[in-house]
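User: I'd like to learn how to read the features of a protein model, one at a time. Could you walk me through this one?

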Amino acid sequence: MSAFDSDDLPSNLSANEHFNDVMQRVVSRRNVLKRGVGLSAMLFLGGSLAACSSDGSPAPAPQPTPVPTPTPVPRPTLGFTAVPAGSGSSIVVPSGYAYQVLAPWGSPLFAHSPAWKGDASESGADQALQVGDNHDGMHFFPMHDAAGQEKSDEGLLVVNHEYCNYEYLFKPEAGQSYPNAWTLDKVRKAQHAHGVSVIHVKRIGGQWQVQIGSAYNRRITGNTPMTLSGPAAGHALVKTAGDPSGTSVLGTLNNCGNGWTLWGTYLTCEENFNSYFGTTAGTDSRTEPMKRYGLSARGTGYRWEELDQRFDYVKEPNESNRFGWIVEIDPWDATSTPKKRTALGRFKHENCAMTLAKDGRVVVYMGDDQANDYVYKFVSDAAYDAGNPAANRNLLDSGRLFVARFTAGAVTGDMMGDGEWILLDKATNATLATNAAFPDQATVLIHARLAADAVGATKMDRPEWVTVHPTTGEVYLTLTNNSGRTVTDEANPRAENRYGQIIRWREAGGDAAGTRFEWDLFVLAGNPVAYPDRTDLRSGSANINAENTFNSPDGLAFSPNGLLWIETDGSNANTDRYQGQGNNQMLVADPASKEIRRFLVGPDGCEITGITFTPDMRTVFINVQHPGEVSGPNAPKPPAGQSLDEYLLAQPTAFSKWPEGAPGIAGAGGRPRSATVAIWKEDGGVVGI
């Protein structure tokens, strides 16, 4: 099903400037790139943006709880031996580390859940009682002991399930071709493989175990009832025949990255929702907003529109407007109703990262993962109240949404450019106020991409995961790649930007609510194995070498001690321009020295994604998504006259059996399965150092 991922295909036809054009104007700073790029250690560890003015807007009416000054922590150093790149069917971790696999796709969660069969014969109802497919973003919510202290050996692991692979999801049927006779139960099974799993886990005898039957365990799927909240709730553009009120929606889909709140809830992000909406009408009758959001003109690869009319945009033209949001879930209450927070805007959310402004307001950073789309942030109207968690429950329903414009203006130190946050507000933004396409603020939020087009936001190379440094507040963002871009210039001579980069910025005055910032490049991914001439930027910035080369940075997170963890979702061809890069991987970086080391290599065909830590930082959890999606040097070739999908449907282990045989997995799996991996130091120390 990876063929249905359209994030490499831009739908942005606006004339807005691209980030690459901004880079051209800082070509004189190319020597900064070759020095290793980025802020100097002194600036990073405590500097401020003297060149930028802070946001002059008044503070919100509620008096905020004082925000404590972060306590500086000793800067850790990378303390593991890097693992080599490679291709293969297993996971590789550094010497002195151990790992286990837990909660693979299809694992039972409840006392009445069916066991994994391995032949894909489970029904749609069965899948709703099992762990979903293609694990992605996740977060560990620790239990507390009798003294109220966070536990590092027991908690709730909340896991996204982004999509499903039909070649593995369904069982072969005699006389039928891929993907077999199409039925409503197959549609339901696919819908129930999406969403979120809340999984109670506990470490017993040195091994993590799923607590099957726990009252905390929960499956949230493509058919779970949830609420639309915030400014767009009840608007005409979100009303359907099934929900004339415009406040209730079934399900969440394409749950990619994630976030979490300061008050202990989980944020799941709806990314490629457009892939599920098509029509059986046979003609293209999409509106301009539908085209801008990438809905299919006719049928889709998922084929839900054939048997579930809410996914047929002709029969239910507003249903797609009910997806593309950030959904807030209370992991501690299995009876609670998830809420789609419309104040944060509708686009292809990759993940989100929450922090606090100086006056206590909540700030959420977000990227829209499509070639040539934008970077956003939300600032709440009210302040966070650390002493009253219940008072924060609806903070994400009211606030201001901004989109970023990057420029090459006057900067300080080693910074490469500056920028501004443009307010997407119908009442106060002059461009939107006079634009008839946006009659009200709800329309601005529902059609946030078009609003960002109108105000001149900067096009980016697929903004993916965003994360905030735990003590300095600098924001880091992966721009995973843009293989369709053909512009070549001295600053970025990489027509088809296949390697990607990580940028970072510092807000004006160190205030996350500011409207100005300065930015630079932390790393320009590249391949000095394929391009040994270091004056050729395809080789990457100076902190890239033959031992840590990688492409397509995607997942990104800081551990609480300030190390930056980088996960990749790119080519595992391991040849030509990708030679020496091997399978997708996870690396660890020191933000001050800019040193990067490879920590993990995944099995063939997978993406490494999702990352979270226990409070003591002695276990890191990551996800192995879509092992067995055929690619790379070990890919099988189907017999003549048979498509690859048909071949894999009949021979599901032809390319991969992972995680069969991995630590923590007993018995044959029958087909490749996405799963969570727990990793720890054998001596019990903090991971990464």
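User: Let's begin with C164: does it count as buried or exposed, and why?

Analyst: Gladly! Buried means under 20% relative accessible area, exposed over 50%, and partly exposed in between (1.4 Å probe, protein chains only). C164 counts as buried because its relative accessibility is 0%. Before we go on, this is a predicted model, in which local features need pLDDT of at least 70, side-chain atom pairs count only at pLDDT 80 or more, and totals for chains, interfaces and linings use all residues. Residues are numbered from 1 along each chain as its sequence is written, and side-chain values use heavy atoms, with hydrogens and water left out.

User: How many disulfides does the structure have?

Analyst: A disulfide is a pair of cysteine sulfur atoms within 2.5 Å. Searching the whole structure gives 0 disulfides. Take C256: its nearest cysteine sulfur belongs to C269 and is 7.8 Å away. C256 is also buried, at a relative accessible area of 2%.

User: What does the protein chain look like overall, in helices and strands?

Analyst: Helices (H or I, at least four residues) and strands (E, at least two) are DSSP runs, numbered from the N terminus. The protein chain has 11 helices and 30 strands. Of its 689 residues, 60% are buried. For contacts, the rule is heavy atoms within 4.5 Å. Among contacts between residues at least 6 apart in sequence, 68% join residues at least 24 apart.

User: Which residues does F621 contact, leaving aside its neighbours within four places in sequence?

Analyst: Its partners include M138, F140, L157 and W208, as well as T676, V677 and A678. F621 sits in strand β29 (residues 619-625) and is buried, with a relative accessible area of 0%. Another pair to look up is F621 and Q100: they are 521 residues apart along the chain, and their C-alpha atoms are separated by 9.8 Å.

User: How many aromatic pairs are there in the whole structure?

Analyst: Rings of Phe, Tyr and Trp (its six-membered ring) pair if their centres lie within 6.5 Å; planes under 30 degrees apart count as stacked, over 60 as edge-to-face and the rest as tilted. The search finds 35 aromatic pairs. One of them joins F406 and W519, edge-to-face, at 6.1 Å centre to centre with 75° between the planes. F406 is in strand β17 (residues 399-407) and W519 in strand β23 (residues 516-524), so this pair ties together parts 113 residues apart in sequence. Both F406 and W519 are buried.

User: Why is the pair of W421 and W505 edge-to-face?

Analyst: The planes of W421 and W505 lie at 65°, with the ring centres 6.1 Å apart, so the pair is edge-to-face. This pair links distant parts of the chain, with W421 in strand β18 (residues 417-423) and W505 in strand β22 (residues 501-507), 84 residues apart. Both W421 and W505 are buried. Ring pairs also build a cluster, which includes Y166, W182, W304 and F323.

User: Which residue lies over the face of F323?

Analyst: A charge sits over a ring if NZ of Lys or CZ of Arg is within 6 Å of the ring centre and within 35 degrees of the ring normal. For F323 the residue is K340, at 3.8 Å from the ring centre. In another case, the charged end of R203 sits over the ring of W680, 4.3 Å from its centre.
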